[in-house]
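Me: I would like to go through this structure with you, one topic at a time. Please keep the answers plain.

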Amino acid sequence: MSAWGLAWRTVISNPARAVLAMTGVAVIGALLFNMLLLSRGMLVSFRDLLDAAGYDIRVAGQGSALHRLPIADATPLADAIRRLPGVQQVALIRTDTAFAFVAGRERDGVSVTFVGTTANAVGSAWDLVRGASLPDTPAADPAPIIVNVTLARALQLEPGSMLRLRIGGAGTALPPVAYRVVGVGTSRFETMDEDAATTTLQGFDAAHGGEGHDEAEMVLVASRPGVSASDNVAAINRLRPGLRSMSNDQVLEQFNEHAFTYFRQISTVLSAMTLAFAFLLVATLLTISVNQRLGEVAALRALGFSRRRIATNLLCESALLVGIGGLAALPLGGALAIWLDRILRHMPGVPERIHFFVFEPRTVALHVALMTATGLLAALYPIWLAARLPIAATLRSEIVS
Amino acid sequence: MTPAAPLIEGRDLTRQFPMAAGAVTALNHASIRIDPAEYVAITGPSGCGKSTLLHLLGCVDQPSSGSLTFEGRDVARLNETERSRIRLTRIGFVFQRFFLLPMLTAWENVELPQAEAGVSRSERRTRTRELLEYVGLADRIDHRPSQLSGGEMQRVAIARALANRPALLLADEPTGELDEVTGDQIADLFDRVHADGTAIVVVTHNATVAARAGRRLAMNSGRIVAE
């Protein structure tokens, strides 16, 4: 009988203990799997979100994250960037908050995130479910607008509906401006339960009284295929020094260093603790198992079984407990990750499409490697116990007891 | 005519066990020689050193002083792997408490040492069947120890001890946990094993078993006092 065969028969000879041990390892392994998913999940998800928008460079105005100045003379800047040889596409983004309502039902109005952009930017940021995108050419009055599903549901909007927006709060002097809804969809950057609407730059300016301020909160730039984003960033910085131009990689790096580092630290600590629990569980169970079988082990040694064979049997027992429990941990951990992800995505300010737990094949490989190492380490003390057993003394004491 | 080489020979064997209250001398300058196919019984009161001597002969323990050779090899010069190999292929052990693996069937318990010795599957199958028939348990091959009586378990243990055709069978109180009738059956089995050419050394309190042996050694206070 091979070492694996003997180990299997030993493990299942006490079914209750085996099931409890494997379940314990599965639960601990599920937690470990979750922590490993969390250690990179948000970063991976954020990268996917940035890349899916279709732009690899973001240009913002001077200032801090709390108070950033808008980019003045945005249109000439966009034109200059568009003329750079390595640039394929440029879009301007203006943002504000507004009060949206349907004529005659102002009491039912809602606060919305209001965005003005060039038409070509809409397709990469929005997934439309009804209607059409913003037209490329400036439309006649009323300006076209796309609303998200949440807003459409709140105000019962469909393509063709009329919507009024007033910039600012109740004390604003600006009159509401009418827009025609051309499309309903979801924005990649909207948070859960957020109401959002996007119109053309001309439509956005109209809501601000048509003052014609040529400003933008952000300029999005797409590099031509084969052109390095960092080269374009350098070229943009030469065009207008003082602006904050960052490639997606640089954005991610900043996110990783500042916002995400806390998640990573938490996941590292919790991963270490779960591994410690797994080690203690398996080491304790195996030690108890060996102590209950001292006579058996001594008899096997007396019959000529080598220390190596005894050690191999114990390693196989450990591998079975950790292996079966560890495999069961994957679907359990996956289900737990889905549940936790759903909870965390309700955090205020987090785009709905950001995920905290993202599955990557390397995570499974890391999980397997860590559980394997834990199983091996956990078997060391029981192996030492069994291998160093004084055969004659053990046989004698087993008879006496 | 030169005398046949002994199977195992111990000279001036002493075994001391360090204890908190002072060292205990379990075996005190004992010398013994076992020839091939010999049947030796060792008797004596509890604590006289019988099992200690048996453990030394079985290379399970090492003497504090004295020399021990097995088939001409100085056991003290062998490493643990070599001693394990001797125990696996040249010596068979039968214990008072059987020590069968409870999760394996009778068949699997007998087959296990053969697999450890590297015997091929077909040879193991043949040998295992042969041994279980030899000990009268051909109809109990799929039974686990918990499904066997004490005598049946001991017969499986004897079959296991003979699995790799050892030159020497060592038995430590093999009938100690059996009734008289069953003990006689085990003694009959030992007779057969001896008749088939295996040397046997049995430590026993059982007069019937001792009487079957060709040579009887009496021990007291760690010494062989009569033969």
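Me: What percentage of the 227 residues of chain B count as buried?
Reply: In chain B, 48% of the 227 residues count as buried. A residue is buried if 20 or more other C-beta atoms lie within 10 Å of its own, exposed if 12 or fewer, and partly exposed in between, with C-beta atoms placed from the backbone.

Me: Before we continue, what kind of model is this?
Reply: This is a predicted model, in which local features need pLDDT of at least 70 and side-chain atom pairs count only at pLDDT 80 or more, while totals for chains, interfaces and linings use all residues. Residues are numbered from 1 along each chain as its sequence is written, and chains are lettered from A and ligands numbered from 1 in the order in which they are written.

Me: How many helices and strands does chain B have?
Reply: Chain B has 7 helices and 10 strands; these are DSSP runs numbered from the N terminus, helices being H or I with at least four residues and strands E with at least two. The radius of gyration of chain B is 17 Å, close to the 17 Å of the globule rule for 227 residues, so chain B is as compact as a globular protein of that length. That radius is taken over C-alpha atoms, and the rule is 2.2 Å times the number of residues to the power 0.38. Along the principal axes, the C-alpha atoms of chain B fill a box of roughly 50 × 50 × 35 Å.

Me: Turning to the contact between the chains, how many residues come from chain A and chain B?
Reply: Chain A gives 20 residues and chain B gives 27 residues. Two residues are in contact if their C-beta atoms, placed from the backbone, lie within 7 Å.

Me: Which helix supplies the largest share of the side of chain A that touches chain B?
Reply: H13(A) does, with 6 residues. By class, the side of chain A that touches chain B has 9 nonpolar, 5 polar and 6 charged residues. Here Ala, Val, Leu, Ile, Met, Phe, Trp, Tyr, Cys and Pro count as nonpolar, Asp, Glu, Lys and Arg as charged, and the others, Gly among them, as polar.

Me: And the largest nonpolar core, which residues have the most contacts inside it?
Reply: Val25(A) and Val201(B) have the most contacts inside this core of 122 residues. A nonpolar core is a set of buried Ala, Val, Leu, Ile, Met, Phe, Trp, Tyr and Cys residues joined through C-beta atoms within 7 Å. Helix H2 (residues 15–52) of chain A supplies the largest share of this core, 18 residues.

Me: Why is strand E8 of chain A largely enclosed?
Reply: Strand E8 (residues 177–187) of chain A has 8 of its 11 residues buried, so the rest of the structure largely encloses it.

Me: How do strands E5 and E6 of chain A run relative to E8(A), parallel or antiparallel?
Reply: Strand E5 (residues 126–131) of chain A runs antiparallel to E8(A), joined by 5 bridges, and strand E6 (residues 143–148) of chain A runs parallel, joined by 6 bridges. Two strands pair if DSSP finds at least two bridges between them. Arg130(A) stands opposite Val184(A) in E8(A), and Asn148(A) has Gly185(A) as its bridge partner there.

Me: Last topic: which residues of helix H3 of chain A are buried?
Reply: In helix H3 (residues 74–82) of chain A, the buried residues are Ala74(A), Leu77(A), Ala78(A) and Ile81(A). They cover an arc of only 100 degrees around the axis, which puts them on the same side of H3(A); the arc is that of the directions from the helix axis to the C-beta atoms. The face turned away from the buried side of H3(A) carries the exposed residues Pro76(A) and Asp79(A).
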